[in-house]
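Here is a friendly walk through one model, with a few of its features picked out along the way. Have a look at it first, then read on.

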Amino acid sequence: MDVKSTPSYLYWLFCQFELITCSYLMEPWEKVLFYSFNLAVLGLLLYTTYLCVAFHASSAFQLLCSFLGNPRENALSVLK
């Protein structure tokens with residue numbers, strides 16, 4: 001895909017989105033509310049995903065470090 005066709009492709013995707021959601025039938029103020037709500041939900045979803053992935057990656061890294069750490073210390077913690 002060349003750079004010149006990128007704006008037309010994005011416009012085509014936006015038209016498809018309007019057709020699927022039937023937002024082309026809405027009045028302008030309804031579109032503003034609809035798109036604002038969708039962007040807010042998408043933003044919250046991305047933020048939550050970022051937090052969960054960071055938390056799980058940190059937990060996995062700590063678990064991996066504990067496994068690769070001192071084996072004697074790990075064996076003693078299992079026995080206690």
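Tyr9 is partly exposed because its relative accessibility is 37% (buried means under 20% relative accessible area, exposed over 50%, partly exposed in between; 1.4 Å probe, protein chains only). This is a predicted model, in which local features need pLDDT of at least 70, side-chain atom pairs count only at pLDDT 80 or more, and totals for chains, interfaces and linings use all residues. Residues are numbered from 1 along each chain as its sequence is written, and side-chain values use heavy atoms, leaving out hydrogens and water.

Tyr9 belongs to helix H1, residues 6-21 (helices are DSSP runs of H or I, at least four residues, numbered from the N terminus). After H1 comes Cys22, with a positive phi near 60°.

What ties H1 to H2? The side chains of Glu18 and Lys31 form a salt bridge, 3.1 Å from N to O (a side-chain nitrogen of Lys or Arg within 4 Å of a carboxyl oxygen of Asp or Glu). Glu18 lies in H1 and Lys31 in H2 (residues 28-68), so the pair links parts 13 residues apart in sequence. A search of the whole structure finds one salt bridge.

Two relative accessibilities side by side:

| Residue | Relative accessible area | Class |
|---|---|---|
| Tyr9 | 37% | partly exposed |
| Glu18 | 13% | buried |

How values were computed. Helices (H or I, at least four residues) and strands (E, at least two) are DSSP runs, numbered from the N terminus.
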